[in-house]
Amino acid sequence: MFRKIKLVFYYTILYNLPNSRFLNVCSKIRVLYLSKVMNILEYDNGSKIEQGVYVSDCKNISIGINCRINENVFIQGANIGDNVLIAPNCSLLSVSHIHKDKEIPIVFQGETDPNPPILKDNVWLGRNVIVLPGVTIGEGAIVAAGAVVNKDVESFSIYGGVPAKLIKKR
């Protein structure tokens, strides 16, 4: 119950505070709350959490140090390393709908067990990237804007497209 009250406070107050471009203290307040109260983020002065970052129920989420998470990012679940950049409007998904039985409407078949994606250290996700459940994005990788990542991404590589494919090595 107490966890839900903490989430209500986040979503009614902190979620809607202005972007750090207007008031830098707003990002610092979100970072402090998500680290000290919700325990999903390691506290440090370099991290930024912008307006409208959705953190689901804060289960299956861990965020390293010096991460920059821009506005309107949807984190259903994820293990995020250190020094990660996530551009606006990205989605990190950890569950999906079950759709095995054609005779039963999908809406009644439930969800898969959580399988949070893993973003290793020094990853950069471009604007509007979607990362599907269970995917690992290797250290130092870059995912181009608009990509849908449905398979693991090699370390120190650049991926893009739908579905995301190797563009080149860094």
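**Figure 1. Salt bridges of the predicted model.** The structure holds 3 salt bridges, a salt bridge being a side-chain nitrogen of Lys or Arg within 4 Å of a carboxyl oxygen of Asp or Glu. This is a predicted model, in which local features need pLDDT of at least 70 and side-chain atom pairs count only at pLDDT 80 or more, while totals for chains, interfaces and linings use all residues. Residues are numbered from 1 along each chain as its sequence is written, and side-chain values use heavy atoms, with hydrogens and water left out.

**Figure 2. Close-up of the salt bridge between Glu-71 and Arg-21.** The closest N and O atoms of this pair are 4.0 Å apart. Glu-71 sits in the loop between strand 3 (68-69) and strand 4 (74-75), and Arg-21 in the loop between helix 1 (2-12) and helix 2 (24-36), so the pair ties together parts that are 50 residues apart in sequence. Helices (H or I, at least four residues) and strands (E, at least two) are DSSP runs, numbered from the N terminus. Glu-71 is buried, at a relative accessible area of 15%, whereas Arg-21 is exposed, at 61%. Buried means under 20% relative accessible area, exposed over 50%, and partly exposed in between (1.4 Å probe, protein chains only).

**Figure 3. Close-up of the salt bridge between Arg-30 and Glu-50.** Here the closest N and O atoms are 4.0 Å apart. Arg-30 belongs to helix 2 and Glu-50 to the loop between strand 1 (48-49) and strand 2 (61-63), so the pair ties together parts that are 20 residues apart in sequence. Both Arg-30 and Glu-50 are buried.

**Figure 4. Close-up of the salt bridge between Lys-169 and Glu-154.** The N to O distance is 2.5 Å. Lys-169 is in strand 15 (residues 165-169) and Glu-154 in the loop between strand 13 (148-149) and strand 14 (157-160); the pair links distant parts of the chain, 15 residues apart. Lys-169 is partly exposed, with a relative accessible area of 47%, and Glu-154 is partly exposed at 34%.

Figure 5. Rings of Phe, Tyr and Trp (its six-membered ring) pair if their centres lie within 6.5 Å; planes under 30 degrees apart count as stacked, over 60 as edge-to-face and the rest as tilted. Tyr-10 is buried, at 1% relative accessibility, while Tyr-11 is partly exposed, at 23%. Tyr-10 and Tyr-11 form one aromatic cluster with Tyr-15, Tyr-54 and Phe-74.
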